[in-house]
Amino acid sequence: MCGICGVVDRAGPVDRDVLQRMTRSLAHRGPDDEGLWVSPPREGASCSAGLGFRRLSIIDVAGGNQPIWNEDGTVAVVCNGEIYNFRELQAELEAGGHRFRTATDTEAIVHLYEELGADCVTRLNGMFALAVWDTRDETLFLARDRLGEKPLYYVEAGERFLFGSEPKALLQHPACPRALDGDALAQYLALDYVPAPFSIFSGMRKLEAAHRLVLRGGHVTIDRYWDLPFEPEAARPEADWADELRTRLEEAVRLRLVSDVPLGV
């Protein structure tokens, strides 16, 4: 499962103890390992940043600890999820000159971000909630998979931006709002869940499925990177549809069998 969290702070250095509390609140999502990084003081920096990660080890059990950095240590990624086409992406990126230090699927993201920036998500086949921190221009990039299988919450709290896999991680930070959102509560009572982009807390939002968020210079932009096309082909025989459905299901299952630990169902 795994869990991610982080802070970007324009008011001062990220409090490592607070970030660690945020990270450890997600220990149930990732009991195998913990990763923590806080940006060191840097002349001319307009903000500080911190990334937290709890790992459930699936691929490259020994070497896939996060955050994972690019070759020169300027771009880092934390990811909750799995990238099914990582081997194809790795081969392509290595052919383009990138060097991989691990055999984990997550490392493909950081090198793909170097090549494509925010458009990297359009090449990912998988389930994911990810965060990339680019030290070169102090940019935070968040993205959620196409169908929203992996959760991601965020808060804009003045000079601080918080994100995490669950509300409990954000609530560890003193800047996080704690008041209930009355409209969200009404939606919960009517629907038995709170639909995105809302959460049960006022000021806390869910990043919607198939959306990406960029924080740069204190400004947040959010956009949709994918939508489900629907173009019916009434003249196509039913048998053709059945054959394609079986082919796609078999491929989907095959991709999900990549693992370095025993699989369930």
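Just after helix 5 (residues 182-191), D192 adopts a positive phi of about 75°, helices here being DSSP runs of H or I with at least four residues and strands being runs of E with at least two, both numbered from the N terminus. At the start of helix 5, a side-chain oxygen of D181 comes to within 3.0 Å of the backbone nitrogen of D183. The model is predicted, so that local features need pLDDT of at least 70 and side-chain atom pairs count only at pLDDT 80 or more, while totals for chains, interfaces and linings use all residues. Residues are numbered from 1 along each chain as its sequence is written, and side-chain values use heavy atoms, with hydrogens and water left out.

Strand 5 and strand 6 run antiparallel and are joined by nine bridges, and V77 has V132 in strand 6 as its bridge partner.

Seven of the 10 residues of helix 3 (residues 107-116) are buried, so the helix is largely enclosed by the rest of the structure; buried means under 20% relative accessible area, with a 1.4 Å probe and protein chains only. These buried residues are E107, A108, I109, V110, H111, L112 and Y113, and their cover includes helix 2 (86-95) and strand 7 (139-144). Helix 3 is followed by G117, which has a positive phi near 65°.

Conventions
Buried means under 20% relative accessible area, exposed over 50%, partly exposed in between (1.4 Å probe, protein chains only). Contact means heavy atoms within 4.5 Å. A polar contact is a pair of N or O atoms within 3.5 Å; within protein, one must be able to donate a hydrogen and the other to accept it, and residues adjacent in sequence count only if both atoms are side-chain atoms. Two strands pair if DSSP finds at least two bridges between them.
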